[in-house]
Amino acid sequence: MVHTYPLRVRVSVYCSECLARIELPPPQETISGSVSCPSKHSSISFSHSETIKAGSRVDVCSRCSSTALFTQKDFDQRLGCAILAAGAAVALGVSWRFGGIWFVPVLLLVAAADLVLARRVAAVVICYQCDTEYRGVADASATRSYDPHVAERFADVKTVRRMNP
């Protein structure tokens, strides 16, 4: 018998002045309030919806009340690019040492390992407008993937996207 345990939603916001990551109190414990930046910048107010409190999905952003949200894998993009570059370097090294016929099989092996890793990494829901991140959402697939056309609408008010987990 497989047991499923309820996920605890974790919400992170970013200070608009220093880009410090700030964890909000768990939605299961606090519905609304405000948090301050560790560098003593302005305080950030939040208000969680009932669906966020339940942990089922994210329907509206707790910080800016925007409904423009997207989902992506919760994996550092720099690390992913480094892994793929290392795989290509290994494929080049193997083909140089053992012959060019081995280049494609090694690349396929790296691609298979990447696929396995990608399936194991959980999704994170992110707000287009303020970059608030929601981890541990039970139904993250209910939110659409990143769309550059939607992101373009928020480009002039959006903070710089961070790649730090």
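**Notebook: a surface patch and an aromatic cluster**

I began with leucine 79, which I found in helix α2 (residues 77-98); helices here are DSSP runs of H or I with at least four residues, strands are runs of E with at least two, and both are numbered from the N terminus. I noted that the model is predicted, with local features needing pLDDT of at least 70, side-chain atom pairs counting only at pLDDT 80 or more, and totals for chains, interfaces and linings using all residues. Residues are numbered from 1 along each chain as its sequence is written, and side-chain values use heavy atoms, without hydrogens and water.

I looked up the accessibility of leucine 79, which at 44% relative accessibility counts as partly exposed (buried means under 20% relative accessible area, exposed over 50%, partly exposed in between, with a 1.4 Å probe and protein chains only).

I then turned to aromatic pairs, where ring centres of Phe, Tyr and Trp (its six-membered ring) lie within 6.5 Å, and planes under 30 degrees apart count as stacked, over 60 as edge-to-face and the rest as tilted. By this rule I have four aromatic pairs. The rings of phenylalanine 70 and tyrosine 146 have centres 5.0 Å apart and planes at 75°, so this pair is edge-to-face. The two residues are 76 residues apart in the chain, with phenylalanine 70 in strand β5 (residues 69-73) and tyrosine 146 in the loop between β7 (133-135) and α4 (148-153). I recorded phenylalanine 70 as buried at 1% relative accessible area, whereas tyrosine 146 is partly exposed at 45%.

Lastly, I wrote down that Phe70, Tyr128, Tyr146 and Phe154 form one aromatic cluster.
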